[in-house]
Amino acid sequence: MSAPQKKAIGRSLLVTSAAVLSSLALTAPVALAAPSPSPTGPSPSASPSVTPPARMSTVGGARLGLAGTQVNLANGVPVLPKDITARSWIVTDAESGDVLAAHNAHWRLPPASTMKMLFADTVLPKFPKAEKHKVLPSDLAGIGAGSSMVGIKENETYTVHDLWLGVFLRSGNDAVHVLSAMNKGVAKTVAEMNEHAEELQALDTHVVSPDGYDAPGQVSSAYDLTLFARSGLQKKDFREYCSTVTAEFPGATTKNKKGKTVRKPFEIRNTNRLLSGDYDISQYQGIAGVKNGNTTNAGATFTGVAERNGRVLLVTVMNPSKEEHNEVYKETAKLFDWGFKAAGKVEPVGELVPPKGAAGSSAQPAPSGQAGGGSGGSGGSDGSGASAKPVTSATAGGGSGGVWTALGVTGGLLVLLAGGAFLVNRRWPLPDLVRRRSSRP
C-alpha cells in the first residue's frame, strides 16, 4: 500500500455513535487499561519535574514525542506568540485531527479538573437527565480537602441534569462523587475511565481520582486531554453542559416563615473564563467550552474549543509558569488566535488518533520512565441534530439575571448510516456545537 493510500485511510474514520463508543469502553478488558507510570521510572514527587523527559510517546506522530516546540513555519505562516509559558500545550483542528503546533505534547503531568472531561465522556451516557437521586452521606465520602464544590447536601434529591451542571460549571468534586456512587462507586468509575482512555488511545493517562484531585501517579498530557475533549464533544449533552455559562442549582430544603417547605435554587456560573469572562479577560469569540482545572500540584490547566469562519480548533494548555491572574486563559486565547490565522497555511506536525474501535488499529504505549507524577497534596480541583451549516462567529449576548443566549450550530459533513454509525471523510464533525447558553429548571 502506498504512503498516500495509508494517509487517506488514516484520515477516513469510521466513528461509532456515542452509545457504541461508551459500550466499547466499558467492556474493554481491564488488562488493557491505560498504563500507569512505570515502577522503574521516577517516583511521583511533591512537584513534577520542570524538565520534560527525553523520551515521550509518539502517538499521533514522531515529532509529538520530541521535547520543545514543534511547528512547521514557512512563508505565510504566522509566528507563534513568544510569551507562552506553559509546560505543555497543543493546537489542533478539531475536525480533521491535524496538530498544527505543539509543545511537549506528550509530557505526562497532573491534569487537575480537566480530567473531568474523561469522567464525563465515560459516565455521562449511563444515566438519563431526568433521573433523580437522593444523596446519601456515603456518596460524599472521600472528597479531598479544599476541593471545589457546587454545594450538594446530604439527604437532598437532585436530577442527573443538576449533577452534570455542577460538574461542568462549578467543577464540583461533590457532584463527581455522587455520580460515581450512582455508577457503583469510585473504584469502578476509575477503572472504567482508565479503560475508556485506552480505547481512545490516550496512553499517557493514568486515572486515580475521577475528579482530577491531586493523587500519586495521576497523570495525563495535553495530547490526551485534547482526545478526551474531542470524544466528549461528539455527545450532545456534553456539548450543552460545557457551553453553559449560568444555571440555577437546587438549594437546601428549608421552611419559610409560614412553615411551608421550600427549596430555593441559587445561580452557578461557569468557571471557564473564556466562556464567562472576568474583570481582566473577555469572552473569547466563538468559544464553546470545554473544561478548566487548578490544583496545587498541577497548576492551572485548560482545554478549550472555539469556532471561527467554519474552522473548529481545540487548544490545551497545562501549567503556565507566569503567575498572572487568568494566565492559562490568556495563553489559550493567544494560541487560538495563532491557530485561526495559521489554519490552512501551516503543515501539520502530527494528528489526533481516532479511537481504537473507529481506527481498527492501536497506538503504542508511551516509553516508560516519563511520569510527571501527581502527589497527594492539598488544593482543590479548581475554584473556580447535526447541521452542514457552519456556525457564524458570535459574541456573548447578555440578558437580565445573567441569562446568556445560545448562538448557532455547527457540523461539517455528516453521513448517517443505518447501523448507528457515521462515516467521516477527513473530518470528525462536532454537530450542534453551541456557545454561551444558560440553563434554567
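Here is a short chat about a few helices and residues in this predicted model.

Visitor: Let's start with helix 3 and helix 4. How do they pack?

Guide: Helix 3 covers residues 116-123 and helix 4 covers residues 160-170; they pack at an angle of about 160°, with their axes 11 Å apart.

Visitor: What makes helix 3 roughly antiparallel to helix 4?

Guide: Angles over 145 degrees count as roughly antiparallel. The angle here is about 160°, so helix 3 is roughly antiparallel to helix 4. Their crossing is left-handed.

Visitor: Which residues in helix 3 and helix 4 meet?

Guide: From helix 3 you have Lys116, Phe119, Ala120 and Val123, and from helix 4 Trp164, Val167 and Phe168. Six residues of this contact are nonpolar, none is polar and one is charged.

Visitor: Why is lysine 116 called buried?

Guide: Buried means under 20% relative accessible area. Lysine 116, which lies in helix 3, has a relative accessible area of 1%, so the residue counts as buried.

Visitor: How far is lysine 116 from serine 209?

Guide: Their C-alpha atoms are separated by 9.7 Å, though the two residues are 93 apart along the chain.

Visitor: On to helix 10. How do you know that its span is close to the expected one?

Guide: Helix 10, residues 327-342, has 16 residues. The expected span takes 1.5 Å times one less than the number of residues. For helix 10 that comes to 22 Å, and the helix reaches 22 Å from its first C-alpha to its last.

Visitor: What makes helix 10 largely enclosed by the rest of the structure?

Guide: Twelve of its 16 residues are buried, so helix 10 is largely enclosed. Among the buried ones are Tyr329, Leu335, Phe336, Trp338 and Phe340. The buried residues of helix 10 pack against helix 9 (273-276) and several strands, including strand 3 (86-93) and strand 4 (98-103).

Visitor: What follows helix 10?

Guide: Glycine 344 does, and its phi is positive, near 90°.

Visitor: Last one: why does valine 91 count as buried?

Guide: The cut-off is under 20%. Valine 91 has 0% relative accessibility, so this residue counts as buried. You'll find valine 91 in strand 3.

Visitor: Which residues is valine 91 in contact with, leaving aside its neighbours within four places in sequence?

Guide: The list includes Asp98, Val99, Leu314 and Val315, as well as Leu335, Trp338 and Gly339. As for alanine 102, its C-alpha is 6.2 Å from that of valine 91, with the two eleven residues apart in sequence.

Terms used. Residues are numbered from 1 along each chain as its sequence is written. This is a predicted model: local features need pLDDT of at least 70, side-chain atom pairs count only at pLDDT 80 or more; totals for chains, interfaces and linings use all residues. Side-chain values use heavy atoms; hydrogens and water are left out. Axes are lines fitted to C-alpha atoms, for helices over the stretch in contact, and angles run from 0 to 180 degrees between N-to-C directions. Helices (H or I, at least four residues) and strands (E, at least two) are DSSP runs, numbered from the N terminus. Angles under 35 degrees count as roughly parallel, over 145 as roughly antiparallel, 65 to 115 as roughly perpendicular and the rest as oblique. A crossing is left-handed if the near helix is turned anticlockwise from the far one by less than a right angle, and right-handed if clockwise. Contact means heavy atoms within 4.5 Å. Ala, Val, Leu, Ile, Met, Phe, Trp, Tyr, Cys and Pro count as nonpolar, Asp, Glu, Lys and Arg as charged, and the others, Gly among them, as polar. Buried means under 20% relative accessible area, exposed over 50%, partly exposed in between (1.4 Å probe, protein chains only).
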